[in-house]
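Subject: Structure handover and findings

Hello,

Here is the structure for your files. My notes on it follow below.

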Amino acid sequence: MQKRVEDFMAKVIEKNPGEKEFHQAVLEVAESVMPLIEATPKYKNSKILERMVEPERVLMFRVPWLDDEGEIKINRGYRIEMNSAIGPYKGGIRFHPSVNLGVLKFLAFEQVFKNSLTTLPMGGAKGGSDFDPKGKSDNEVMRFCQSFMLELSKHIGPDTDVPAGDIGVGGREIGYMFGQYKRIRNEFTGVLTGKGLNWGGSLIRPEATGYGCVYFVQEMLKTRGESLKGKICAVSGSGNVAQYTVEKLIELGAKVVTLSDSDGFIYDEGGIDKKELTCVLNLKNVKRVRIKECAKEFGCKYFEKKKPWNIKCDIAFPSATQNEISGDDARTLVKNGCMAIGEGANMPTTPEGIKVFQSAKILYAPGKAANAGGVATSGLEMSQNSMRLLWTREEVDRRLHDIMIAIHEQCVKHGKEGKYINYVKGANLAGFVKVADAMIDQGLV
Ligand code: NDP
């Protein structure tokens, strides 16, 4: 089997040179699904995995815009429409200087399996730009978003491709892009999710990824007779996912001791409380300052240019970016007694780190399962838009919670290895089967 995976990966690497994050994401899936493919003639003979790793469409475009000094700036825009076998393309837009084709292809590929796991009819996509919103004025961000949408609007639509937010794309950016789409197309449709509440958004969408991740970890803990109450949690990031992960953890009686950004992390030994969280939300979402400022406000410790993984914790919630937990970080977490990992971010653990967690037999939830609550609630936003209805907060939260429980059940069903649940294998297999069968049903697509 190892040889079959190696041969397959050699071709993927040759065809997609330099796209190391994409190779990493494909390898993880290939290792999980290859035994099933080899044992199932309809998958093997139809070259299903070879087809899945080839995006249905890749868009790359110029995004020119004017800064506040009147200088012309040029960024690169992308949309990777990976797979539409089970529904319209769906996936976030990321604005960050590290964005390139390989990063977005990895995210789009992961999205296909994640969306399949949600039980909702959504294909997989991802997009973005190497534009950095940090330090830009609102007007500059608006001009960039309008230029980006001028091109993207030709390729998306409520039944074709429905983007959402991701790193660097929150409510403000979604608003500017939605306004421009509406102006160009002269239609008010649910073409983007993560919209403002009074113009088509869904309650709980901002909270959904963080809440969903916590719900998933709750289910994992139950398999070992444990709960979140009193557990010490280390969270990385301080953006959308991290903020609402912390909110739900506090609500459920856990103690969150860290938050971070790309400059460093804060350590609040006594636990971040509701008042401090409100302060974080204000500092990060309104004033848009660095996490260091929160340490000053709370009088807690701040560690410059460090990640929070050497802090003793029961559960870790990596919620910043890809590959933020190295093999060494994973070993430190395990040594310090960490019993569970809930990945709010996409692919935040390196392959070496995943092996460390799995050999230690701790509960390890990969992002494509644990953070699927975000896109699932985007799916619920699409449903509400189509019906021109707004569900209550309780209704959306209940549906989100049910979906996370269902995703957990699928992972258990496909990932059981004796007494241990391999959630990576479970998520990959469950996500794969639905998409693969749909592709086969639809002929040579
Ligand atoms: P935000 O932009 O709101 O926040 C991102 C956070 O991560 C910031 O604190 C940011 O710090 C930090 N960060 C970003 N890049 C790096 C880096 N290279 N090194 C260290 N820290 C970094 O994004 P989200 O919270 O929306 O997204 C976080 C993760 O969750 C991503 O992996 C995303 O793909 C994933 N995700 C998001 C979903 C959503 O609904 N938003 C859904 C599913 C997954 P700084 O400000 O310094 O850049």
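Contact, as used here, means heavy atoms within 4.5 Å. This is a predicted model, in which local features need pLDDT of at least 70 and side-chain atom pairs count only at pLDDT 80 or more, while totals for chains, interfaces and linings use all residues. Residues are numbered from 1 along each chain as its sequence is written, and side-chain values use heavy atoms, with hydrogens and water left out.

Domains

The protein chain is divided into domain 1 (2–51), domain 2 (57–187) and domain 3 (208–365); these bounds come from an automatic or database domain assignment. The centres of domain 1 and domain 3, taken over C-alpha atoms, are separated by 32 Å. Between these two domains, 4 residues of domain 1 are in contact with 6 residues of domain 3.

Nonpolar cores

A nonpolar core is a set of buried Ala, Val, Leu, Ile, Met, Phe, Trp, Tyr and Cys residues joined through side-chain atoms within 4.5 Å. Buried means under 20% relative accessible area, exposed over 50%, and partly exposed in between (1.4 Å probe, protein chains only). The largest core has 59 residues, and those with the most contacts inside it are Phe-216, Leu-249, Leu-259, Phe-317 and Ile-407. Helix 8 (residues 205–222) gives the largest share of this core, 9 residues. Helices (H or I, at least four residues) and strands (E, at least two) are DSSP runs, numbered from the N terminus. Because domain 2 (57–187) and domain 3 (208–365) both give residues to this core, it lies between them.

Setting aside neighbours within four places in sequence, Phe-317 has contacts that include Cys-213, Val-214, Val-217, Cys-233, Leu-249, Trp-309 and Gly-342. There is also a second, separate core of 38 residues, with Val-26, Val-53, Ala-108 and Phe-113 among them. In soluble globular proteins, nonpolar side chains tend to be buried together.

Cysteines

A disulfide is a pair of cysteine sulfur atoms within 2.5 Å. By this rule the count is 0 disulfides. For Cys-233, the closest cysteine sulfur is that of Cys-313, at 7.5 Å, which is too far for a bond. Cys-294 is in no disulfide either, with the sulfur of Cys-279 as its nearest at 5.5 Å. Cys-233 is buried at 0% relative accessibility, and Cys-294 is also buried at 0%.

Salt bridges

A salt bridge is a side-chain nitrogen of Lys or Arg within 4 Å of a carboxyl oxygen of Asp or Glu. The structure holds 38 salt bridges. Three of them are described here.

In the pair of Lys-126 and Asp-166, the closest N and O atoms are 3.0 Å apart. Lys-126 is in strand 4 (residues 124–129) and Asp-166 is in the loop between strand 5 (161–164) and helix 7 (171–185), so the pair links distant parts of the chain, 40 residues apart. Lys-126 is buried, with a relative accessible area of 2%.

Glu-251 and Lys-248 pair with their closest N and O atoms 3.1 Å apart. Both lie in helix 9 (residues 240–251), 3 residues apart, which is about one turn of the helix. Glu-251 is partly exposed, at 48% relative accessible area, whereas Lys-248 is buried at 4%.

Asp-261 and Lys-284 meet in a salt bridge of 3.1 Å, N to O. Since Asp-261 lies in strand 7 (residues 255–261) and Lys-284 in helix 10 (residues 274–286), this pair ties together parts that are 23 residues apart in sequence. Asp-261 is buried at 15% relative accessibility, and Lys-284 is buried at 15%. Through shared partners, salt bridges join Asp-261, Asp-263, Lys-284, Arg-290 and Lys-305 into one network.

Two further residues

Asn-83 lies in strand 2 (residues 72–83) and is buried, with a relative accessible area of 4%. Its side chain reaches the backbone nitrogen of Ala-85 at 2.8 Å. Not counting residues up to four places away in sequence, Asn-83 touches residues including Met-52, Glu-56, Tyr-89, Val-435 and Met-439.

Lys-255 is in strand 7 and is partly exposed, at 33% relative accessibility. The C-alpha atoms of Lys-255 and Lys-229 are separated by 8.3 Å, with the two residues 26 apart along the chain. Not counting residues up to four places away in sequence, Lys-255 touches Lys-231, Ile-232, Cys-233, Glu-269, Gly-270 and Gly-271.

Regards

Definitions and conventions. Polar contact = N/O pair within 3.5 Å; in protein donor to acceptor, adjacent residues only side chain to side chain.
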